[in-house]
Amino acid sequence: MSKITFKGYGIEIDAKDGEKLSECIRRAGLKIETPCNGIGTCGKCRVIARGDMYPPNEAEKKIIEGQENVRLSCQARVKGDVEVELFNIKPAGSEMKTINRGYSIEVPVDARIRGLEIECGEQLSSSPQFNVFGLGASRPGILRKMGGIERDKLSNFHAVLCDNEIIDAHSEKQGIMGVSIDIGTTGLSAYLVNLETGEVIRKVSGLNPQTEYGGDVLSRITYIMNNENGAPQLEECIVKELNSMIAKLVDGICGLENVYNVVIAGNTTMLHLLLGVDPVSIARAPYRPVFLHAIDISPADCGMDINESGIVTVLPSASGYVGADIVSGIIATGFNKKENTCIFIDIGTNGEIVAISGGNMAGTSTAAGPALEGMNISCGMRAEDGAIESFKIGENGEFEIGVIGGKGAVGICGSGLIDIVAQLLEKEIVMKSGKFNSKGMDEKFVSRLDGKKFKITDEVFISQGDIRQIQLAKGAIATGVTMLLKELGIGIEEVEEAVIAGAFGYHLDPENIKTVGLIPKGFKGDINFVGNSSIEGARLSLINRSLLEDMKREAQNISVLELSTRAEFQDYFIKELRF
């Protein structure tokens, strides 16, 4: 048995011969991300390791060559005693920049969960009190409270209702709160909402802890396939993080007992993992999920720390790859009511797309991968302090760089990548094929090209391989748009509006979207950014019961196109790889 010591943490654990360093790190209660699902291609799980280990394999050598004492924790195996030092330790309080705002329609406050003061007075009827007022009460806990009200002959009491059923009762008025949550593959967002006024009181956001087990949906499903306890492991980590976020939301405002409803949107796999439901069938033909419908769950059944009489509502999905986040988004933005021909694109690790024309909606999803969120990119990172989020080349060739946090750049996030590639294409530094234009490049940029790397700053660069990753991602999304429109008998030139949802937010230049080719050539319509429409839909369904019914209906109305079953997908995809 070997000893693994973690420098700076005062932690030491035993390890078996041949155990991977990544497994040791997690057993020690520390975090390490493996966006490529531990196949040794992304290099994001690098650590400094000194001691007795087996030599690196070929995959690891490609990433760590020339870096002293650096190992890929997903590949490096323990042989004897080892000291490990983790990279990228973030200071306390640092957070991922998650877009917590989004455009949404206006709705009146008519929540499922609401308060009602009941004047008892002199009741001569022999019927139960709640029946007299046309209400139901079936939970043992509330029946016990009603018994106390009868015994004490209270003249009035304050009921908490879910639809038309009493779920809680108090002698004095209590605040009634709800929480809306968006579980993204990468990021989490949550709102605390006053269910009586509809006011958003506080917002918090953070990183989905499941990123430790893979950067995208398929990576996490693969982890579950390869680990017997994978599904409960991923369930535990997401529920723990959501409870932490809810605690932050209510801190200093109200108690957890005041939260009666949590409404959750997310892609279909994220919702399966939230409930500890094995999602493996989503990854295998015919790509069938275990559930798609909206579900009301008791907090105890899903481990959520809210009022025990409350309800956790999981929003409905349309298919295994067109999830509740998309259904929520199209309702929040009123996309389902549009009378013109439009497309809705949620840009993330899965490029989810819905098209509407003549009142008919069709949707699809394409595996864009995590490149547009900064993963699988040499200097890629999430939208955190130090990430380049905007980029422009001035008239004299000077670089105008926007960095999150306003300090020195240490990497590039998704929006920065789009800007950089678009500008390099515009200045003919990169050709339509995706190759660096080494022979035709303007002289003032030549010094920045070092082999297959183009320097953005002295420390941050974009490589030829990175540009290929962007091509693959944008090619997948553009192919999805093209094939979806073909299914509806529409040409790209007929589309009047593209609604862009997701983490790219409001600061991305629409022209850069067109230049890079995320939307196929020929598009002449408007591009409108709506931010995090998924959480906005969850918020609206929290405060207005009819919106939840709209979501249930529209989830059934979206005709889903499964691209992987279409023989022509590869042909379209190859065409869309060019910029």
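Tutor: Let us begin with a definition: two strands pair if DSSP finds at least two bridges between them. The general idea is that strands of a sheet pair through backbone hydrogen bonds, either parallel or antiparallel. Please note that the model shown here is predicted.

Student: In what order do the 5 strands of the open sheet lie?

Tutor: The order is E2-E1-E5-E3-E4, and the pairing is mixed. Strand E2 (11-15) and strand E4 (70-72) are the edge strands, each pairing on one side only. From one strand to the next, the twist averages 35°.

Student: How many bridges join strand E3 to strand E5?

Tutor: Strand E3 (residues 46-53) and strand E5 (residues 78-86) run antiparallel and are joined by 6 bridges. Within this pair, Met 53 stands opposite Val 78 of E5.

Student: Which strands are joined to E17, and in which direction does each run, parallel or antiparallel?

Tutor: Strand E16 (residues 351-357) runs antiparallel to E17, with 7 bridges between them; there, Ala 355 stands opposite Ala 362 in E17. Strand E26 (residues 559-560) runs parallel to E17 and is joined to it by 2 bridges. Gly 363 has Val 560 in E26 as its bridge partner.

Student: What lies between the strands in the hairpin of E16 and E17?

Tutor: This hairpin has 2 residues between its strands, and Gly 358 takes a positive phi near 60°.

Student: Why is strand E17 described as largely enclosed?

Tutor: A residue counts as buried at under 20% relative accessible area. In strand E17 (residues 360-366), 6 of the 7 residues are buried, so the strand is largely enclosed by the rest of the structure.

Notes: Residues numbered from 1 in each chain as written. Predicted model: local features only at pLDDT ≥ 70, side-chain atom pairs only at ≥ 80, totals over all residues. Heavy atoms only, no water. Helix = DSSP H or I, 4+ residues; strand = E, 2+ residues; numbered from the N terminus. Axes fitted to C-alpha atoms, helices over the stretch in contact; angles between N-to-C directions. Buried < 20%, exposed > 50% of the residue type's maximum accessible area, 1.4 Å probe, protein only.
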